[in-house]
Amino acid sequence: MLNLTVPDMSCGHCVKAITAAVKTLDANAIVETDLESRKVSLETTAGIEAIKHALTEAGYPPA
Ligand SMILES: [Cu+2]
């Protein structure tokens, strides 16, 4: 389980974009998001650095 904070995640569109970015790395990833706290929890086989890079590329750099 990876826990990230993504400050720019502010609506459902962001959640979709973040989920899509993770799934390009690991199609079977489980992505849970909490908009209020800007937290993203991931169950994935992808590495943390790869995830951070993908989210940053998607425009949602983790804090
Ligand atoms: Cu949004």
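Start with the largest nonpolar core of this predicted model. Select Leu4, Val6, Met9, Ile18, Val22, Val40, Leu42, Ile51, Leu55 and Tyr60, and you have its ten residues on screen. Now colour helix H1 (12–25), strand E3 (39–43) and helix H2 (48–57): each of these gives the core at least two residues. As background, nonpolar side chains in soluble globular proteins tend to be buried together.

**Val6 and its contacts**

Next, pick Val6, one of the core residues. Which residues does Val6 touch once you leave aside its neighbours within four places in sequence? Show Ile18, Arg38, Val40, Leu55, Tyr60 and Pro62, which are its contacts on that basis.

**Arg38**

From that list, click on Arg38. You'll find it in the loop that runs between strand E2 (30–34) and E3. Check its backbone: phi is positive, at about 65°, even though Arg38 is not a glycine. For context, most residues other than glycine have a negative phi. Is Arg38 buried or partly exposed? It has 18 C-beta neighbours inside 10 Å, so it counts as partly exposed; being buried would take 20 or more.

**H1 against H2**

Now hide everything but the two helices. A pair of packed helices is described by the angle between the axes and the distance between them. Here the axes of H1 and H2 come within 9 Å, and they cross at roughly 135°. The two helices are therefore oblique to each other, and their crossing is right-handed.

To see where they meet, select Ile18, Ala21, Val22, Thr24 and Leu25 on the H1 side, then Ala50, Ile51, Ala54 and Leu55 on the H2 side. What kinds of residues make up this contact? Eight are nonpolar, one is polar and none is charged.

**Leu25**

Stay in helix H1 and zoom in on Leu25. Setting aside neighbours within four places in sequence, Leu25 is in contact with Ala46, Ala50, Ile51 and Ala54. Leu25 has 17 other C-beta atoms within 10 Å, so this residue is partly exposed.

**Lys23**

Last stop: Lys23, also in helix H1. With 15 other C-beta atoms within 10 Å, Lys23 is partly exposed.

Note on methods
Residues numbered from 1 in each chain as written. Predicted model: local features only at pLDDT ≥ 70, side-chain atom pairs only at ≥ 80, totals over all residues. Core = buried A, V, L, I, M, F, W, Y, C linked by C-beta atoms within 7 Å. Buried ≥ 20, exposed ≤ 12 C-beta atoms within 10 Å, placed from the backbone. Helix = DSSP H or I, 4+ residues; strand = E, 2+ residues; numbered from the N terminus. Contact = placed C-beta atoms within 7 Å. Axes fitted to C-alpha atoms, helices over the stretch in contact; angles between N-to-C directions. Parallel < 35°, antiparallel > 145°, perpendicular 65-115°, else oblique. Left-handed = near helix turned anticlockwise from the far one by under 90°. Nonpolar A, V, L, I, M, F, W, Y, C, P; charged D, E, K, R; others polar.
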